[in-house]
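The stops below go one selection at a time.

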Amino acid sequence: MATWIQDIVDPARRGWEEFYRNRWQYDKTVRSTHGNNCTGGCSWMVYVKDGLITWELQALDYPKLNDDLPPYEPRGCQRGISASWYIYSPVRIKYPYIRGSLADAWKEAKSKHSDSVAAWGSIVENTELHKKIKNTRGKGGFRRFDWDTAADIITSAHIYTIKKWGPDRCVSFSVIPAMSQISYASGARYHQMIGGVSMSFYDYYTDLPPSSPEIWGEQTDVAESADWFNSSYVVILGATPNRTRTADCHFVSELRQGGAKLVVMAPDYSEVTKYADLWLPVKTGSDGAVWMAINHVILKEFYVDRQVDYFVEYQKAYTDLPHLIRLDDGKDGKTMGRLLRANDLADYADTDNAEWKFTMWDAAQDKARVVYGGMGSRYPKKDESHGKWNTLIKDEKNNETFDPTLTFIDNFDEAVECAFYELDSGEVFRRQVPCKVIDTVTYGKIPVTTLFDMQMSHLGVARAGLTGEFATSYDDDKSFSPAWQEKYTGIGRDTIIQMAREWAENAEVTKGRSSVIVGASINHWYHADLIYRAFTGALMLCGCIGRNGGGMNHYVGQEKLAAFDSWGQIALGLDWVRPPRLQATPIYWYIHTQQFKYDGAITEYVPVPDPAKLDYKHTADYIVRSVRM
C-alpha cells in the first residue's frame, strides 16, 4: 500500500540527530553545588564544554550512613538542575550598579576634590544633597558602573565614617554563611578587624524559631533529615518538605515504608499531605490549641490515670519540671512565681552565684536541695562550681546523688488555690496546687511547688485531693480540653484524643521515637514561639527530645554550617580580638529606623493578667534592658 510517510533508515541521512548529540557533549565534569541561599549542600556533577556548562546531574556516590537507613541519593531539586539557566540568564547582574543621583553627585565631587575621602565628605556633609540622594531610594534609577569606582566609593565612605564617627559605625550584614562561607567570612572578618559590627541574619528574616533559645539556650540544633526514617510517629505542621526540603523529602515517603505513621496538620491539602495517614485541616494559626489539648490528654492518661516509668524518669533527668517555684501574690490570689533559688535557702545562700542556682525536692530527706546545672555554675567566681555545669541530679554543695520529686500530689503540706488565666476570653480559673511549706532567708515560710504540679493545674487536669475549676471530662469546654480546642481549630475532639493517645503510646513503646517536622509557615506567625512550645511540651512529656527518631525538627531551609568552629575563628576575627562585636539585626532596625515611635504598649497587643507587674510597657524599654544585660 502506498504511503506518503518515508522512514529514514540510513544513518548517513539522519543529520538532524547531531543537534541532540551535540547538546549532550561535554569535555569534562566538575563536582559542584548550589549555594545561592540554599544550604542543602547537594552534590552535583556539572558537565562542561568549551568552558560553558551544558548540563547538570545529581551525584550518585553518596556513602550510606548505615544499613538501616535509605540512601541519600537521589539528592537534588528542580531549582538545582536548572541553575545553569540563571548563570547564563540575560537578566543576571554581572556589574556594579549605582543610583543615578549618587553617581552624579560623585562625579561632581571628584571634579572638585582630588582626594576621594574628601569627595565623599563633601557629599554627606551637604544636607540638601544628602537628603536628595536618600529620597531617591526605592525608586529605581540605577546605572551600570565600573568596579574601580564602586570600590573607591565604598572605601572612601568607610574611611570617612571611621575618622568622623569611629569604626563601630561601620555595620555589615550578610545572609546565611552557608550560602558561601568564604564570601561571608571575608566581609565579616574585615569588619571585626577594623572594630566594626556584624549583624545577625537568622533572626532578621524570621527563620530562627525563638522557642529554641527560649527553651534550650541555643540557636536551632535539629536532626539530620535521614533521622526522620528512625521515627515511628511523625507530625508535620507548617512545613512542606516537597517544596522547601525537596532533596530530603524522599525520607518522608520512605519513613512510611519503614512502618511509621504520618500526620499532617495544614489548613490546605499541601503537597506533603499526599503522604499522610491522617490529615488535620486546622484553622490557620490554631496549631497551638491542638497541642495544648494533646498535652492535656497526655498528662491525664499517662501521668494521672497511670504512670509510665520511662516518662517520669525522663522528666526528672532532662526537663525543668521537677524544679521548685514559689507562689506569689497576684491581683486574683496566688499565682506562679519565680524559681526557688539557692539564695532563698539558709543552707545554700553562701554558695557561689547563689541567685543563679535552682532547686529540686529530695523526698528521702524531705527538703529542698540545690542541683547541678544552674547558670551560677557556668560562670563560677570560685573553684567550687567547676565541673557542675551539667544536668546530673546531684546536690550542688556536697555532690550527693538524690531522687528528685516530680509531684507533691501524694505528700503535700497544703493545697493552695491559684489563679489561672485564659487570655483569649479573659476568664480567671481557680484551681488548687499541691505545695510544700519551707523556710526562706528573706521571706520566711512560703509555699513552693514543682513546675510539673503547676503545669498540671494550668492545663486543668483534675487529680484526687485537689479542688477547683478543673475539666470534668474531655467534653468540658475549658482548661485546654479536647472540647475546648474545637472552637479554635475546627478539629473534632475525638480526633485529638486519638492522636494524643497514638503519640504517647508510640513514645512509650519506642522510648521516645515520636517527632515533629515544622517550618516557616508557623515560625513566621506572631507568637510562633508559643505554638512551638506547645508541641515541644508534648515531646518532653513523652521523652522524645534527644532521641534518634524523636524531637523537634525545625527547618527553614537547612540552617547548618558543617565547619562552624574553624570557620568562626576566621569569620569573626577570633584570632585577633575576643569577643567579636555582634548585633541583633531586628532590634537594631527597630530602634534606628525609629519604628518604636509607631509602636504601642505591649498590652495593646497581648492580654496581660496583671499589667501593673510589668517592669515596662513598651518593647523599646525591654530592648534597652536586654542590651544593658
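Start with N399: its relative accessibility is 38%, so N399 counts as partly exposed (buried means under 20% relative accessible area, exposed over 50%, partly exposed in between; 1.4 Å probe, protein chains only). N399 sits in the loop between α14 (375-378) and β15 (helices are DSSP runs of H or I with at least four residues, strands are runs of E with at least two, numbered from the N terminus). Check its backbone: phi is near 65 degrees, a positive value in a residue other than glycine.

A word on the source. This is a predicted model, where local features need pLDDT of at least 70, side-chain atom pairs count only at pLDDT 80 or more, and totals for chains, interfaces and linings use all residues. Residues are numbered from 1 along each chain as its sequence is written, and side-chain values use heavy atoms, with hydrogens and water left out.

**Backbone stops**

Select D50. Its phi is near 55 degrees, again positive in a residue other than glycine. D50 belongs to the loop between β2 (44-49) and β3. With 64% relative accessibility, D50 counts as exposed.

Next, pick E73 and P74. The peptide bond joining them is cis, with omega near 0 degrees. P74 is in the loop between β3 (52-58) and α2 (78-81).

Jump to R578 and P579. Here too the peptide bond is cis, with omega near -10 degrees. P579 lies in the loop between α20 (564-571) and β20 (582-583). Most residues other than glycine have a negative phi, and most peptide bonds are trans.

**Charge stops**

A search of the whole structure finds 37 salt bridges (a side-chain nitrogen of Lys or Arg within 4 Å of a carboxyl oxygen of Asp or Glu).

Show R21 and E18. Their side chains form a salt bridge at 2.7 Å, N to O. Both are in helix α1 (residues 18-23), three residues apart, about one turn of the helix.

Now select K300 and D305, which meet in a salt bridge at 3.1 Å, N to O. K300 is partly exposed, at 29% relative accessibility.

Then take E508 and R306, a salt bridge at 2.7 Å, N to O. E508 is in helix α17 (residues 493-510) and R306 in the loop between α12 (287-304) and α13 (309-318), so the pair ties together parts 202 residues apart in sequence.

Last, select D362, R369, D395 and E400. What links them? A network of salt bridges does.
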